[in-house]
Amino acid sequence: MKWKIRVATMQDADRLVEFNCAIARETEGKELSGEVVRRGVLRGLTHAGEVSYWVAEVNPQDTAELIGCLMLTREWSDWRDGWLMWVQSVYVCDSYRGQGVFRSLLETVIDKMKQTPDVVGLRLYVETKNLRAQEVYLRTGFVDSHYKVLEQLF
């Protein structure tokens with residue numbers, strides 16, 4: 001069974017909320033507020049210049065089912081005079097893992113970004129204990145940037 005990769009639409013919001021809550025539960029043992037995540041997804045879907053969601057779906061002609069997603073956000077790099085795109089909110093349904101869904105999402109995004117003026121690279125961060133994800137990211141061409149992400153949450 002193959003899947004189709006496409007840019008997400010508002011009709012995908014419910015499934016994106018489910019995926020985001022599942023990511024937090026699986027990788028960090030956190031239960032997120034579905035209401036907050038829903039607001040965040042809907043806001044992201046309306047900020048096409050800053051945020052884009054990409055989804056993988058099976059049965060696109062019949063009863064389409066989303067099986068994976070990722071989100072891109074952008075960051076200006078004055079050092080590179082261009083945009084760095086951050087890969088975030090990566091999720092693939094358990095029954096489709098190990099079959100190339102993430103690779104398809106990533107390759108589609110990379111192809112699109114290479115055609116976009118001023119995009120100079122992709123970055124992502126991964127939870128330090130999520131070794132499975134780190135292995136996947138390394139196999140798909142990401143390298144350790146030797147930066148440590150620090151944060152202040154409000």
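Tutor: A definition comes first: a helix axis here is a line fitted to the C-alpha atoms over the stretch in contact, and the angle between two axes runs from 0 to 180 degrees between N-to-C directions. Note also that this is a predicted model.

Student: Fine. At what angle do the axes of α1 and α2 cross?
Tutor: The axes of α1 and α2 cross at roughly 125° and come within 9 Å. Angles of 65 to 115 degrees count as roughly perpendicular and those over 145 as roughly antiparallel, so α1 is oblique to α2.

Student: Is the crossing of α1 and α2 left-handed or right-handed?
Tutor: Right-handed, as α1 passes α2.

Student: Which residues in α1 and α2 meet?
Tutor: From α1 there are Ala13, Asp14, Leu16, Val17, Asn20 and Cys21. They meet Gly34, Val37, Arg38, Val41, Leu42 and Leu45 in α2. By class, this contact has eight nonpolar, two polar and two charged residues.

Student: Zooming out, how many residues has the largest nonpolar core?
Tutor: That core has 42 residues. Those with the most contacts inside it are Leu16, Val41, Tyr53, Leu70, Leu72 and Val101. The elements that give two or more residues to this core are the helices α1 (13-28), α2 (34-45), α3 (101-114) and α4 (131-139), along with the strands β2 (51-58), β3 (65-77), β4 (82-92) and β5 (119-124).

Student: Which element gives the most to this core?
Tutor: α1 does, with seven residues.

Student: And what is Leu16 in contact with, neighbours within four places in sequence aside?
Tutor: Leu16 is in contact with Ala8, Val41, Leu45, Tyr53, Val55 and Cys69.

Student: What about phi of Asp118?
Tutor: Asp118 has a positive phi too, near 75°. This residue is in the loop between α3 and β5. Because its relative accessibility is 48%, Asp118 counts as partly exposed.

Student: On to spatial neighbours. How far apart are Asn59 and Lys2?
Tutor: Their C-alpha atoms are separated by 8.3 Å, and the two residues are 57 residues apart along the chain. Asn59 is found in the loop between β2 and β3, and its relative accessible area of 34% makes Asn59 partly exposed.

Student: Where does Ser95 lie?
Tutor: In the loop between β4 and α3. Ser95 counts as exposed, at 55% relative accessibility.

Student: Last one. Which strand does Ser89 lie in?
Tutor: Ser89 lies in strand β4. With a relative accessible area of 21%, Ser89 is partly exposed; buried would mean under 20%.

Student: And what is Ser89 in contact with, leaving aside neighbours within four places in sequence?
Tutor: Its contacts are Asn20, Ile23, Cys69, Leu70 and Met71. As for Gly44, 45 residues from Ser89 along the chain, the C-alpha atoms of the two are separated by 12 Å.

Key:
Residues numbered from 1 in each chain as written. Predicted model: local features only at pLDDT ≥ 70, side-chain atom pairs only at ≥ 80, totals over all residues. Heavy atoms only, no water. Core = buried A, V, L, I, M, F, W, Y, C linked by side-chain atoms within 4.5 Å. Buried < 20%, exposed > 50% of the residue type's maximum accessible area, 1.4 Å probe, protein only. Helix = DSSP H or I, 4+ residues; strand = E, 2+ residues; numbered from the N terminus. Contact = heavy atoms within 4.5 Å. Parallel < 35°, antiparallel > 145°, perpendicular 65-115°, else oblique. Left-handed = near helix turned anticlockwise from the far one by under 90°. Nonpolar A, V, L, I, M, F, W, Y, C, P; charged D, E, K, R; others polar.
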